[in-house]
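Visitor: Hi! Could you walk me through this one while I look at it?

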Amino acid sequence: MCGQCCVGFGGTYVTHQDIERISDFIQGDPKDFISRYCDITGAGPVLTQGPDDRCIFFDEHKQCTIHPVKPRMCRAWPFLKTVVNHPENWDAMASACPGMVPSVPHADLVRIVAAHIQKRGF
Ligand code: SF4
């Protein structure tokens, strides 16, 4: 709930399923979603930022306005596949996230994150 992971460019990738779910929630047309709410990167669309450098869905009350349907990446954080494949990413993520403990042994990280992914299905 601190909103630190909602700051900065290029952080939040959205899948086709995310777009469908969010569009349904905000009663928007999924065909317009990318042009209205995303920037395009080499790895796909990411949620764009508002003038305060935060995700466009982060409001002035410091809340995610699409919390029930927020993108899979937001729901999974910080237990992401990238940590299993590249555990060194954990420390980079932890440098910006006050909820993460840095310098966890890589073998422990891989085991814990992989178990989390398996349990949650993503
Ligand atoms: S969708 Fe919600 S949780 Fe995800 S970055 Fe945007 S405001 Fe934060």
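Guide: Happy to; one convention before we start: a residue is buried under 20% relative accessible area, exposed over 50%, and partly exposed in between (1.4 Å probe, protein chains only). This is a predicted model, so local features need pLDDT of at least 70 and side-chain atom pairs pLDDT 80 or more, while totals for chains, interfaces and linings use all residues. Residues are numbered from 1 along each chain as its sequence is written, and side-chain values use heavy atoms, without hydrogens or water.

Visitor: Is arginine 21 buried, partly exposed or exposed?

Guide: Arginine 21 has a relative accessible area of 28%, so it counts as partly exposed. You'll find arginine 21 in helix 1, residues 16-26 (helices are DSSP runs of H or I with at least four residues, strands are E runs of at least two, both numbered from the N terminus).

Visitor: And what is arginine 21 in contact with, beyond its sequence neighbours?

Guide: Leaving out neighbours within four places in sequence, arginine 21 is in contact with Pro68, Val69, Lys70 and Arg75, where contact means heavy atoms within 4.5 Å. Lysine 70 is 49 residues away along the chain, and its C-alpha is separated from that of arginine 21 by 8.4 Å.

Visitor: Switching to the ligand, which residues surround it?

Guide: The ligand is surrounded by Cys6, Thr12, Leu47, Cys55, Phe57, Phe58, Cys64, Ile66, Lys70, Pro71 and Cys74, each with a heavy atom within 4 Å of it. By class, the shell has 9 nonpolar, 1 polar and 1 charged (Ala, Val, Leu, Ile, Met, Phe, Trp, Tyr, Cys and Pro are nonpolar; Asp, Glu, Lys and Arg charged; the others, Gly among them, polar).

Visitor: What space does the ligand take?

Guide: The ligand takes the largest pocket, in the sense that more than half of its atoms lie within 2 Å of the grid points. That pocket has a volume of about 1200 Å³. Of its 47 lining residues, the closest to the centre are Cys5, Thr12, Met73, Cys74 and Trp77.

Visitor: How is a pocket defined here?

Guide: On a 1 Å grid over the protein atoms alone, a pocket is an open set of points for a 1.4 Å probe with protein on both sides within 12 Å along at least five of seven lines, a cavity is a set the probe cannot leave, and lining residues have an atom within 4 Å of a point. Points join across faces, edges and corners, and the volume is that filled by probe spheres set on them.

Visitor: Which element gives the most to the lining?

Guide: Helix 3 does, with 4 residues. Helix 3 (72-76), helix 4 (81-85) and helix 5 (89-94) are the elements giving two or more. The lining as a whole has 28 nonpolar, 13 polar and 6 charged residues.

Visitor: Where does threonine 12 lie, and is it buried or exposed?

Guide: Threonine 12 lies in the segment before helix 1, and its relative accessibility is 12%, so it counts as buried.

Visitor: Where is the cis peptide bond?

Guide: It joins tryptophan 77 and proline 78, with omega about 0°. Proline 78 is in the loop between helix 3 and helix 4.

Visitor: Which residue other than glycine has phi near 70°?

Guide: Aspartate 53, in the loop between strand 2 and helix 3. Glutamine 27 also has a positive phi, about 55°, and is exposed at 75%.
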